[in-house]
Number of protein chains: 2
Amino acid sequence: MRDVAIIGIKSTKFGELWDYSFRDIFVEAGVGAIKDAGISGDEIDGLYVGNMSGGQFVDQEHIGALIADYSGLARNLHIPSTRVEAACASGGLALRQGVMAVASGYQDFVVAAGVEKMTDVNSAAASSALAAASDREWEGIMGATFPGLYAMIARKHIHKYGTTSEQLADVAVKNHLNGSMNPISQYKKKITRESVLNSIMVADPLHIFDCSPITDGAAALVLAPAEVAHEYTDNPIYIKASAQASDTIALHDRRDITTLDATVAAGKRAYDMANLRPEDIDVAEVHDCFTIAEICAIEDLGFVKKGEGGKYTEDGYTAVNGQIPVNTSGGLKSCGHPVGATGVKQAVEIVHQLRGEAGKRQVENAEIGMTHNVGGSGATAVVHILSNKR
Amino acid sequence: MRDVAIIGIKSTKFGELWDYSFRDIFVEAGVGAIKDAGISGDEIDGLYVGNMSGGQFVDQEHIGALIADYSGLARNLHIPSTRVEAACASGGLALRQGVMAVASGYQDFVVAAGVEKMTDVNSAAASSALAAASDREWEGIMGATFPGLYAMIARKHIHKYGTTSEQLADVAVKNHLNGSMNPISQYKKKITRESVLNSIMVADPLHIFDCSPITDGAAALVLAPAEVAHEYTDNPIYIKASAQASDTIALHDRRDITTLDATVAAGKRAYDMANLRPEDIDVAEVHDCFTIAEICAIEDLGFVKKGEGGKYTEDGYTAVNGQIPVNTSGGLKSCGHPVGATGVKQAVEIVHQLRGEAGKRQVENAEIGMTHNVGGSGATAVVHILSNKR
């Protein structure tokens, strides 16, 4: 198995990009990452594209080929291009497929990317498309939306562990502060506990400021065999672990809805593969589609004990200058959540951190980072550990 | 790079499976393949599922996790499961991702599968979903459907090479004869040249009997490292090559619409990888979504010279007892075409042939077989070469 490194990155601005088409945003990210890597398109051996729902959002499937074509990689170069889907974990899985392709020796230089254009449909259609990530026959049809499903997780967490709405709000406050320092983020506005608690209720106890938004955006990485990475960049970032796990698609089938067992399993596999422990991680991007999701994630990944995620968040443990800075990009909450792109953008942020180029949100001496990307209410979880040392 | 073998196979019956749900058909194929391999579910390290359009056909995305869950592999085992999409080439790419996963050493035992449930929507909705595999903004919106696109290819082929409607019909006649001998095929009825030529015209020169049908079905393979394959089966089938290529998504951007350059490129890469030539292939399953597609495929894969596919078909060159038997399963035309499953079913058929268990449609002394799976009008092509010798 060959070691794999990231040698180029690019994320578009995240937001309501009404002047960009689906094709435009992908090309900006893909070509940007290739440029950042300092290679040329004809050196690329393969593309992996995370996209959740091109069929429902922009009426287009066959996204891999479309994107190879519009990136100028299809007509003469005939570069293989594959779409990967696991709902909101599509981006993380595109990265994982790219890693395996390079590790296997089948391909040397690979673009792993994610893209979603969500604002070309109205919000009811967007909610309906997103609900296709849940169990349609047992959740969606009964009226369960994702805010509803995560609200159930939050209620149980509050009931079981005494987590408070204020602590949930603190996740949003922290992530908006981080997002205000990120040039690509959808929301640049700092918010307060009060503004979260006074915002409109979506699914009790989740206010609208507990929820990540509908977003357009794309992000891309260039992967290479670790042994040649230094020929392309002075600061390659190495993949120390790539791990994935599944769980039941419906929430009601889980043993305990306050623990995402897929996150626990993927985290454990990643730590084992990298031979690291939670306390070795210097910075993490976790899947905060709702504030409660970040609290569960920092518990399930072992950064804090089960049930104590709210308290630790309140105490600033996960702030940029805390013990384990979480979602320095602003997370899904403030940076935005173009579902297929999110997992790749997480890796872009960690690369920025490990290269030491994250500006005001830079974590001091960050050497080892983690990304954690979730599909649906936790039926898919994918965890990567990255390092700036080989 | 580790060598990879197929140690288990299963295909459901193909057809209008109104008494089976999407979930049912997948489980039948997946569990069947695991059983055929003689292993237990907890030995499986990963699932790759080809599915084109669960979102539009059954209102369900996040297919990978759903399928892991309903196969009993998610709740306690948390086995990773990934959906792969490239329109009608989704199945072929699921196999390819599975091959890379095993080759890389990331996973040992992998299920590579494909599934599509197409008959739960009406035919207009199905046509619309399928059109999402074309370039929506330049083809679909202008009214081009897939029969229309392939009719343009056929017209040009007729114009340029003198191919006849009778020769197109001969593809359908041969594939229906083969399908009549295949227990899983959708159509068991033999047809004649006259019945094709007298059937209703869909898009001139393609009659309805020149077109593959709308189909429900699933197929699955179990992959293993070649070095342990013999511990599980007496007749492992080895992957000698896995190759993929892209082309422009829109037909009008191609240099020559009668040649699928993605097929040529994927074929060449596969031959190079296996160190074989077209004349070494004993049996092939090629992508005959329309009769003209099989004629282009046997030319573009190098079995016959460009422009002579019609004539060779007429002469029986591709019949079960011909020089290079093509689509012994009945192909997409008669076996049926559940878009995400087709690429995997092609491999199931080749395994049957190389194991010598294809019954009346057995090709004598078949040792090396090929599968060729196409997405859209040729923007994606994926070719595998299999052998019963390591």
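**Close-up views of a two-chain predicted model**

**View 1. The contact between chain B and chain A.** Chain B puts 67 residues into the contact, and chain A puts in 67 residues. Contact means heavy atoms within 4.5 Å. This is a predicted model: local features need pLDDT of at least 70, side-chain atom pairs count only at pLDDT 80 or more, and totals for chains, interfaces and linings use all residues. Residues are numbered from 1 along each chain as its sequence is written, chains are lettered from A in the order in which they are written, and side-chain values use heavy atoms, with hydrogens and water left out.

**View 2. The area buried between the chains.** The size of an interface is often given as the accessible area lost when the parts come together. Between chain B and chain A, about 5200 Å² is buried (accessible area lost on being put together, 1.4 Å probe, summed over both). Carbon and sulfur atoms give 48% of that area. His62(B), His78(B) and Tyr106(B) supply 15% of what chain B buries against chain A, more than any other three residues.

**View 3. A salt bridge across the contact.** Arg83(A) and Glu85(B) join their side chains in a salt bridge, 3.1 Å from N to O. The term means a side-chain nitrogen of Lys or Arg within 4 Å of a carboxyl oxygen of Asp or Glu. The count between chain B and chain A is eight salt bridges.

**View 4. The axis relating the copies.** A rotation of 180° with 0.0 Å of shift along its axis superposes chain B on chain A, with an RMSD of 0.0 Å. In chain B, the C-alpha of Ser104(B) is nearest the axis, 1.8 Å from it. The same surface serves both copies: 100% of the contact residues of chain B recur in chain A.

**View 5. Cysteines without a disulfide.** Over all chains, the structure holds zero disulfides (pairs of cysteine sulfur atoms within 2.5 Å). For Cys88(B), the closest cysteine sulfur is in Cys289(B), 6.7 Å away, so it is too far for a bond. For Cys296(B), the closest is also in Cys289(B), at 9.6 Å, again too far. Cys88(B) is buried at 11% relative accessibility, and Cys296(B) is buried at 3%. Buried means under 20% relative accessible area (1.4 Å probe, protein chains only).

Note on methods
Buried means under 20% relative accessible area, exposed over 50%, partly exposed in between (1.4 Å probe, protein chains only). Copies are superposed by least squares on the C-alpha atoms of residues with pLDDT of at least 70 in both. Buried area is the accessible area (1.4 Å probe) that two parts lose on being put together, summed over both.
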